[in-house]
Amino acid sequence: MTTQTTQLRAALAVPELVTYPELCSLTWAVSPAGTLTGTATLHEGDGAAVYACARLMGGSVTHRQFTGEQGQQRLAAQLLTSWRGVTVDVWVSYPQPQPQLAVQSPADQLAGELRASALAGGVL
């Protein structure tokens, strides 16, 4: 298959992909080699668009963690697959979710301290 045919196939896939609302955060481009690339750099949210692509096209999503330009921790999710005879490379960069801190009520905190004291041999 010629490079022009590969580029044409990739270009013809774009109108279909933009009809999926879950893929609206992606910017699509066709490389000179005919690879269809979807990318997004998000300031909030997650890599849901990559998983939507994986459900549509097949393939597995990989992740890597990195430090952004302003020192924030970020994740990059990537899908590299073949769809309808076209090589597709989709990646999304997004902020790493912060761990959820468990918030205890004062009563729960006191109960936990009393249990710890009792286990340590303290007097209730």
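Student: Which residues have the most contacts inside the largest nonpolar core, and how many residues does that core have?

Tutor: This is a predicted model. Its largest nonpolar core has 25 residues. Those with the most contacts inside the core are Leu 26, Trp 28, Leu 36, Cys 53, Val 88 and Val 90. Two or more residues come from each of α1, β2, α2, β4 and β5. The largest share, six residues, is given by α2.

Student: What is Val 88 in contact with, leaving aside its neighbours within four places in sequence?

Tutor: Val 88 is in contact with Trp 28, Leu 36, Met 57, Leu 79, Leu 80, Thr 81 and Trp 83.

Student: Which residues of helix α2 are buried?

Tutor: Helix α2 covers residues 48–57, and its buried residues are Ala 49, Val 50, Ala 52, Cys 53, Ala 54 and Met 57. They pack against α1 (3–17), β1 (27–30), β3 (61–67), β4 (73–83) and β5 (86–95). After α2 comes Gly 58, with a positive phi near 85°. For the protein chain as a whole, 28% of the 124 residues count as buried.

Student: How many helices and strands are there, and in what order do they run?

Tutor: The protein chain has three helices and five strands. From the N terminus, the elements run α-β-β-α-β-β-β-α.

Student: How do I read the sheet? What is the order of its strands?

Tutor: The general idea is that strands of a sheet pair through backbone hydrogen bonds, either parallel or antiparallel. In this model the five strands form an open sheet in the order β1-β2-β5-β4-β3, and the pairing is mixed. β1 and β3 stand at the edges with a single partner strand each, so one side of each has no neighbour in the sheet. From one strand to the next, the twist averages 20°.

Student: In which sense do β2 and β5 pair, parallel or antiparallel?

Tutor: Strand β2 (residues 36–41) pairs with β5 in the parallel sense, over six bridges.

Student: Is Arg 84 buried or exposed?

Tutor: Arg 84 counts as exposed because its relative accessibility is 56%, and the cut-off for exposed is over 50%. Glu 16, at 26%, counts as partly exposed.

Student: What is the phi of Arg 84?

Tutor: Most residues other than glycine have a negative phi. Arg 84 has a positive value, near 55°.

Student: What share of the accessible surface belongs to carbon and sulfur atoms?

Tutor: The accessible surface of the protein chain comes to about 8,300 Å², and carbon and sulfur atoms hold 56% of this area.

Technical notes. Residues numbered from 1 in each chain as written. Predicted model: local features only at pLDDT ≥ 70, side-chain atom pairs only at ≥ 80, totals over all residues. Heavy atoms only, no water. Helix = DSSP H or I, 4+ residues; strand = E, 2+ residues; numbered from the N terminus. Buried < 20%, exposed > 50% of the residue type's maximum accessible area, 1.4 Å probe, protein only. Areas by Shrake-Rupley, 256 points an atom, 1.4 Å probe, with all protein chains shown as cover. Contact = heavy atoms within 4.5 Å. Pairing = 2+ DSSP bridges. Axes fitted to C-alpha atoms, helices over the stretch in contact; angles between N-to-C directions. Core = buried A, V, L, I, M, F, W, Y, C linked by side-chain atoms within 4.5 Å.
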